[in-house]
Structures are given as C-alpha cells and as structure tokens.
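User: I have a structure open and want to work through it step by step. Can you take my questions one at a time?

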Amino acid sequence: MDRNQELFARAQQSIPGGVNSPVRAFKAVGGTPAFIEKAQGAYLWDANGQRYIDYIGSWGPMILGHGHPEVLAAVERAAREGLSFGAPTEREIELAEEILKLVPSMEMVRLVNSGTEASMSAIRLARGATGRKKIVKFEGCYHGHADALLVKAGSGLATFGHATSAGVPEEVVQDTLVLEYNNPAQLEEAFARHGSEIACVIMEPIAGNMNFVRASIPFMRAARQLCSQSGALLIIDEVMTGFRVALGGAQSLYAQAIAGFAPDLTVLGKVIGGGMPLAAFGGPRHVMEQLAPQGPVYQAGTLSGNPVATACGLATLRLIQAPEFHARLAERTRQLVEGLRQAAADAGITLSVDSEGGLFGFFLLPELPQNYAEVMRSDSARFNQLFHGLLRRGVYLAPALYEAGFVSAAHTEQDIAATIAAARDAFADMAA
Ligand SMILES: *Cc1c(COP(=O)(O)O)cnc(C)c1O
C-alpha cells in the first residue's frame, strides 16, 4: 500500500491541489509527492518510511540540517516563555543587531513573516521613499507572490508587463517593467526611457528561481550605476542567497568584484528563520525611517518578530558563524556538483553545473544559461527522468528544473558519495 498516494488523494479533498504551495505537488515532474513524516540531519522520511537524502532543505532554510539540537533547545525554551505577545521583545533587538552585523549594507531592519511579505514591503518602501511608481524586475526572478510581481515581459520595451496569474488586474502590473536577466544594454535602454519614473530595480543576485543563474558582473554594475544615477533604489533579494552562499550573502561576493558595491535595500528570508516563518528587509537609516510608525509608509504584522521564530533564527545565525562554516559547506557542495558532472560525462550526458556556498544548480545543457529563455531550453522530459531516477534511489531534489538545490552542514561526505552513486545509476538509465 502506498501511503503517499493515499494521503495525496485525501489531501486533494480538503486542500486545493493537495498542497499549500504549488511546486510541492510534483506537477512539473509528474507522479505523487512524498508526504514527509519526519526529518533529521540531512534526511527526510516519507509516509512509506522511505528515507531520502534531502537537497531541498525546506527550499533553503535548513542550512544546519534538520533537528539541530541547539536550535531545537532555543525554540523549546522560547515556546515555554510564550508563543506570541504582539508586543516588542529584547530578542527582536538581538536578531536585528545580528543581521546588521552580518549584512553591513543594512543600517536598520524590519522583521516580517515571509519572503513574499518582505519583497512586497521593500517595494512599497522604495515607492514611498522615491515618490515614483514604476518598478523593474527580471524575467525568471521570483520575489514572492505579491500582485505587482506576478508578471511576465510585454512584447517590447515600451510595453509594461502582463499578469501571470488570474486575479491580478492589468492596472496592478502596468507599472512593472520586466526585463531580461543579464542584459545590461536593455536595462540601460529602460532607464533612458523611464529613468525618472523608476522607484526601484529588484533582482536575485544569483537567480535560484531559475535553478542557478548568476548575475554577471557587468549586469550588476550597470544595475547599481543606473539606479544611483537616476535616484532609483537597488533592491537585492537575498531570500535564497542570504547567509547561504556566504555569511554576508551574495552582496558580499559582488562587493569583492565591484568596488564600493552595496544594494540600497536587501530582502532576506529562508535561512534567517532557520525553518520558522521569518523574513526581513532593510537598508539605510534614512530610507528605513520612512516606515510607520516613524514615517508615512505603512507596514505591519500581528506575528512579525514572533518570539519563537526569532529564537530559531537567532540560534541558526549564531551557529553558521562558526569558523570555516561556509568554506566547508561550499567544499561539500562543490564535491557534489563535480561528482554529478563527472557521473553524467561518464554516461555520455552533458551536464553544466555551478555552485556557491551551499547553493547549487545543474542543467542538462552544454553551457550554463544566462537568462530565463536559455534556462527554458532545457529538456524537461529528461530532467523529469533524472528527478524520478534519483527519487527512486532515495535522493530528493527540487521537483522542477527551474529550482536550485541546497546542501546543509549535516550532509556528510558519505551522503555526497551515495548521491553521486545514485546519479551514476540514474544517468545510465537515461543513456540506455
Ligand atoms: C522563496 C523566495 C521568496 C518568497 O519567500 P516566501 O517566504 O516563500 O514568501 C522571495 N524571493 C526569493 C528570491 C525566494 O527564493
């Protein structure tokens, strides 16, 4: 008897599509989603008792692996003191101070509950602070599901975006300009046309929502310069990359390559909560002070800065500051992607791979893609074959070719070796 199938059938009776977030439904890859019963370290167990090596890590938060004893102890202690107060706490200050220490481009930070809320609020703040309404985003980057961001490119530069979801009126997305990632010339042209009306440019510095596509140095430099010249704010969405690709996030890597580089606003989520609902946005004091109650830009939340979530986030952020934490994580992740590339090559399959810190991506393409259109040239049928080949062998990857992979500090060399062995078998099946 397959408990996953049973639970999926039952879930569809009471929950739309059987899931509370679409990608969990395995629609892109087909088949029945594994219903997870428990997790420990680098492993998940599903309702059939099948164990998986977990390369999703809750889509990023579980950088320490599941069930780290110090994180659990902090959560348990906090829960006993109270689940929620709706009043300020000292722990919120401690977490804010910790974040500002690790991400020096931020002088102040506000805590919220999800990455969606953080991006949405950062954009409202950018519009409020600049008094402008147009925003620029890039095709293939995801910043949560706020109305104004559910948009795809129009037919040309002069036209603004089209909504990608029912229920989003065209008027709501008419100020969102969607451009090609890694195309500085197009960004320059957009600023030449609309510069004085653009409130902000929002981007993922390494786009983990199109698997793994790095912003090129010229692209990032152009975004920074164009925003500065025209008085727009550069918002770097580090919900996925923050504290994961490096302790200081992807922005710390770009600051090494581009003299004086810093975003105006930063959006954080995922690792920051260590597995509890917590996200944040922040930036310079004079911009952040535009937020209510100090300033005119409204933003609020009943559970914002929740005492249990902040305890979990704080414990996580402190543990990842251990010496060599990110260097070790990066090394383990490189071992994985190099092993995958080699295993594919031995089976005569082209695989391009990349990784940074504990984030990785791979494509069944000869070269790493640079934008959404190139990512979408991947053969999804072959990806799905690989996905299921690995899942059957106890390796749990993100169930869609446009999603990144996540390694945690709990993944051992043996886990990596077992994953590569499973991949060898899966690639052999694909080549047969
Ligand atoms: C996950 C993600 C979000 C949305 O965060 P939620 O907590 O799911 O709302 C926003 N931006 C990026 C880059 C993300 O990866």
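User: How far does a polar side-chain atom of T116 lie from an oxygen atom of the ligand?
Analyst: This is a predicted model, so the distance is computed from predicted atoms. T116 is among the residues that surround the ligand. Its polar side-chain atom and an oxygen atom of the ligand are separated by 2.7 Å.

User: Which residue has a backbone N or O atom 2.8 Å from an oxygen atom of the ligand?
Analyst: The residues around the ligand include S114, G115 and T116. T116 uses a polar side-chain atom. The backbone atom at 2.8 Å belongs to G115.

User: Which residue's side chain has an N or O atom 2.7 Å from a nitrogen atom of the ligand?
Analyst: Look among the surrounding residues, including E204, N209, D237 and K270. The side-chain atom 2.7 Å from the ligand nitrogen is in D237.

User: What are the bounds of domain 2 in the domain assignment?
Analyst: The assignment gives two domains. Domain 1 is written in two pieces, 3–63 and 323–431. Domain 2 is 69–319.

User: How much area do domain 1 and domain 2 bury between them?
Analyst: The domain centres, taken over C-alpha atoms, are 26 Å apart. The contact takes 29 residues from domain 1 and 27 residues from domain 2. Of the buried area, 59% is on carbon and sulfur atoms. The total is about 2,300 Å².

User: Which residues of domain 1 lose the most area to domain 2?
Analyst: Three residues together make up 24% of what the domain 1 side buries. They are E356, L359 and Y372.

User: How many salt bridges cross the interface of domain 1 and domain 2?
Analyst: Side chains of opposite charge can pair when their charged atoms come close. A search of the whole structure finds 17 salt bridges. Across this interface the number is 2.

User: Which element gives the most residues to the side of domain 1 that touches domain 2?
Analyst: Residue pairs in polar contact between the two domains number 13. On the domain 1 side, α11, β15, β16 and α12 each supply at least two residues. The one that gives the most, with 5 residues, is β16.

User: How many residues apart are R318 and E94?
Analyst: R318 and E94 form a salt bridge, with their closest N and O atoms 3.3 Å apart. R318 is in helix α10, and E94 is in helix α3. The pair links distant parts of the chain, and the separation is 224 residues.

Notes
Residues numbered from 1 in each chain as written. Predicted model: local features only at pLDDT ≥ 70, side-chain atom pairs only at ≥ 80, totals over all residues. Heavy atoms only, no water. Domains from an automatic or database assignment. Contact = heavy atoms within 4.5 Å. Buried area = accessible area lost by both parts, 1.4 Å probe. Salt bridge = Lys/Arg side-chain N within 4 Å of Asp/Glu carboxyl O. Polar contact = N/O pair within 3.5 Å; in protein donor to acceptor, adjacent residues only side chain to side chain. Helix = DSSP H or I, 4+ residues; strand = E, 2+ residues; numbered from the N terminus. Near = heavy atom within 4 Å.
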